[in-house]
Amino acid sequence: MDVKLQLEGAESNLEMGSLGDRSMHEFEDDSLFTPEAESEKIQRVHGLQNGSVSGDFPSSGNKILQNSVCRSIKTVVFSNKLNLLMPFGPLAIMVHNLTGHKGWVFFLSLLGITPLAERLGYATEQLTFFTGATVGGLLNATFGNATELIISIYALKSGMIRVVQLSLLGSILSNMLLVLGCAFFCGGLICCKKEQASAVVNSGLLLMAVMGLVFPAVLHYTHTEVHFGKSELALSRFSSCIMLVAYGAYLFFQLRGQTELYVPLSEDENQTGNDADHGGNHDDNEAPEISKWESLIWLAIMTAWISILSQYVVDAIEGASASWNIPISFISVILLPIVGNAAEHASAIMFAMKDKLDISLGVAIGSSTQISMFGIPFCVVIGWIMGRPMDLNFQLFETATLFITVIVVAFFLQEGTSNYFKGLMLILCYLIVAASFFVHEDPTPGGVIGAGVLSLAWSMAQLGWIADFLILKLARTESDPSRKL
């Protein structure tokens, strides 16, 4: 009897053990049967056999870090065909050290900066996924103009004040005519069956910037300074401080005062779609391709590399002008801004082709506003600190060009719609401006007296008539929307 009970107890123990083993194996199969789990098991076994378990964690951490770095480099560097121009940056440095040919150094440096400016905009765009819509727009405008500001600071340090003025002016003209025109044109071709609705743009800050540039020029060409050679500079520095205060107030108004007015139209449409159909899928919802810290690191790397190449660009401008027989004004107003605005070009065209013209308009006009109300006054203040006589007298021809450009863009935007024909007109206007600066030569100091004053008076009279006409028509349009210009 005892033997029989022992045998039954042994069988029950064996059955319980087999059930326990089977349940344990099933648990492992259900929860731990993954390639990662198998690799961890193997590492644990080897670690126990070798008597070192703690040394495996740093190796696995280093492997994860290496994979993350490789993935980030592949995403940022090897995902865009424009990055094929990146090797031209080191090549420009080699040519500078070996031959010293200014023309080739300038050309290769521009080619090397172009993809860096575009990748700078890409890193900023990725960073905006982790910030709000308003802060993201501000970051896009700020880092989109980083290339121009870096080149301007290096030129100001070298005493090339005229290059600073012309490059900043060219950046404004490029954003308002070329970038906006390409956005209108490409967006109109993609959405050819309907007119794209564009947001109403407040050009008050741009007109204020034009006013800040007009008065020093008028003071200079009319020879009505109280202290010759000093009043113009003092007025420029005072006006720059006022413009910086106005831009700071604009940022406060945008970030704190009226944040609900600056919500992108796409967010409103997505919210409306979610309220109407909770199960709908939106193709416009995008996820960041790199993390927040990766975006910050790439921003620092791209900014540093652009700073290095900008020094070579500034040093080679005069040599390139002499070797290519091209005026410095054309290089500063046309070539440098086209390279510096590569990020704005790509972003504005991309959003316009996605029927998000409100964002394209914010990129182009917002960048012009920031350059005119922050970039130019900032360079005046930096020149004041450096002891450089940087002022707001951009000369008569340049100031009139900027004023007419603002008026033309205001005419094109006053209807609140866009199409490819308007984009084509803006691009053609930019070609006219480019041709004008190609045949334009800066006047020698003191070379314009009587004829310059008469030309200034006639030009200001014409511009005043155009401004009065525009204000009157805009007022009538606001009072009666059915009336068009």
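Helices (H or I, at least four residues) and strands (E, at least two) are DSSP runs, numbered from the N terminus.

**View 1. The whole protein, shown as a predicted model.**
By that definition, the protein has 18 helices and two strands. Of its 485 residues, 42% count as buried. Among contacts with a separation of 6 or more, 82% join residues 24 or more positions apart. The accessible surface amounts to about 26000 Å², and carbon and sulfur atoms hold 65% of that surface.

**View 2. The largest cavity of the protein and its lining.**
Two cavities of 30 Å³ or more turn up when the whole structure is searched. The largest cavity has a volume of about 50 Å³. Its lining is made up of Glu-148, Ile-151, Ser-152, Ser-167, Leu-336 and Pro-337. Two elements, α7 (146-157) and α13 (328-340), each give two or more residues to this lining.

**View 3**
Helix α7 contributes the most to the lining, with three residues.

**View 4. Ser-171 and its surroundings.**
Ser-171 lies in helix α8, which covers residues 161-190. Its relative accessible area is 0%, so Ser-171 is buried. Apart from neighbours within four places in sequence, Ser-171 is in contact with Asn-145, Glu-148, Pro-337, Asn-341 and Ile-371. Among these partners, Glu-148 and Pro-337 also line the largest cavity.

Notes:
Residues are numbered from 1 along each chain as its sequence is written. This is a predicted model: local features need pLDDT of at least 70, side-chain atom pairs count only at pLDDT 80 or more; totals for chains, interfaces and linings use all residues. Side-chain values use heavy atoms; hydrogens and water are left out. On a 1 Å grid over the protein atoms alone, a cavity is a set of points where a 1.4 Å probe fits but cannot get out, and a pocket is an open set with protein on both sides within 12 Å along at least five of seven lines; lining residues have an atom within 4 Å of a point. Grid points are joined across faces, edges and corners, and a volume is the space filled by probe spheres set on the points. Buried means under 20% relative accessible area, exposed over 50%, partly exposed in between (1.4 Å probe, protein chains only). Contact means heavy atoms within 4.5 Å. Accessible areas come from the Shrake-Rupley method with a 1.4 Å probe; for residues, only the protein chains shown count as cover.
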